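Here is a short report on how one protein chain is put together. Please read it beside the sequence and the coordinates.

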Amino acid sequence: MRIEKTIASVVEFIPKVIFEVLQELSLKVPLTERDRHDLNLILEEAITNAIQHGNQFDMSQNVRLILEYDNDTVTIRVKDAGEGFNYQKLSESDLKEPNEKMESFGRGIFLIRKIADQVSFNETGSEVCIRKRIQSKDS
């Protein structure tokens, strides 16, 4: 199954988009409360990062969201219209333990990496791909 959304760079739209995406997913996959919470947090952080850091809150720019479900794994791709960022600037220690540098940069990625099974970026850093295995209620 595949869900695609184009989101205006307005943070106030994020909760509605996440609600719609998780509702659509849950029609096909009965999610546990834990998985719903984790996916909600992943989506919120990834979309917020794209709007804030990628699109710089430019309402003329959109964020592209693709969510796919296959074999107990949800794959989430979030792409912004910005120039990207140097994701390699975040050291492994930054991604394992929160620190004072995260006041303005890196908290969202830290949280996503804690919850997800795999996180990767395209070459420029303008697209994140997140994979999360879920335990559906049917399993």
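## The α1–α2 contact

In this predicted model, helix α1 meets helix α2 through I14, I18, V21, L22, Q23, L25 and S26. On the α2 side, the partners are R36, L39, N40, L43, E44, I47, T48 and I51. By type, the contact residues comprise nine nonpolar, four polar and two charged.

Two packed helices are described by the angle between their axes and the distance between the axes. For α1 (residues 14-28) and α2, the angle is about 140° and the axes lie 10 Å apart. Angles over 145 degrees would count as roughly antiparallel. The two helices α1 and α2 are therefore oblique to each other. Their crossing is right-handed.

## The sheet

Five strands form an open sheet with antiparallel pairing. Their order is β1-β2-β3-β5-β4. Strands β1 (2-8) and β4 (118-121) are at the edges. Each has a single partner strand, so one side of each lacks a neighbour in the sheet. From one strand to the next, the twist averages 15°.

Strands of a sheet pair through backbone hydrogen bonds, either parallel or antiparallel. Here, β1 pairs with β2 (residues 62-70) in the antiparallel sense, over seven bridges. Within this pair, K5 is opposite L65 of β2.

## Helices across the sheet

Helix α4 (residues 107-115) lies across β4 and β5. It runs at about 140° to β4.

Is E45 buried or exposed? It has a relative accessible area of 19%. The cut-off for buried is under 20%, so E45 is buried.

E45 belongs to helix α2. Leaving aside residues up to four places away in sequence, E45 touches G108, L111 and I112.

## The whole chain

The protein has four helices and five strands. Along the sequence, the pattern reads β-α-α-β-β-α-α-β-β.

Of its 139 residues, 41% count as buried. Among contacts with a separation of 6 or more, 63% join residues 24 or more positions apart.

Note on methods:
Residues numbered from 1 in each chain as written. Predicted model: local features only at pLDDT ≥ 70, side-chain atom pairs only at ≥ 80, totals over all residues. Heavy atoms only, no water. Pairing = 2+ DSSP bridges. Axes fitted to C-alpha atoms, helices over the stretch in contact; angles between N-to-C directions. Contact = heavy atoms within 4.5 Å. Parallel < 35°, antiparallel > 145°, perpendicular 65-115°, else oblique. Left-handed = near helix turned anticlockwise from the far one by under 90°. Nonpolar A, V, L, I, M, F, W, Y, C, P; charged D, E, K, R; others polar. Buried < 20%, exposed > 50% of the residue type's maximum accessible area, 1.4 Å probe, protein only.
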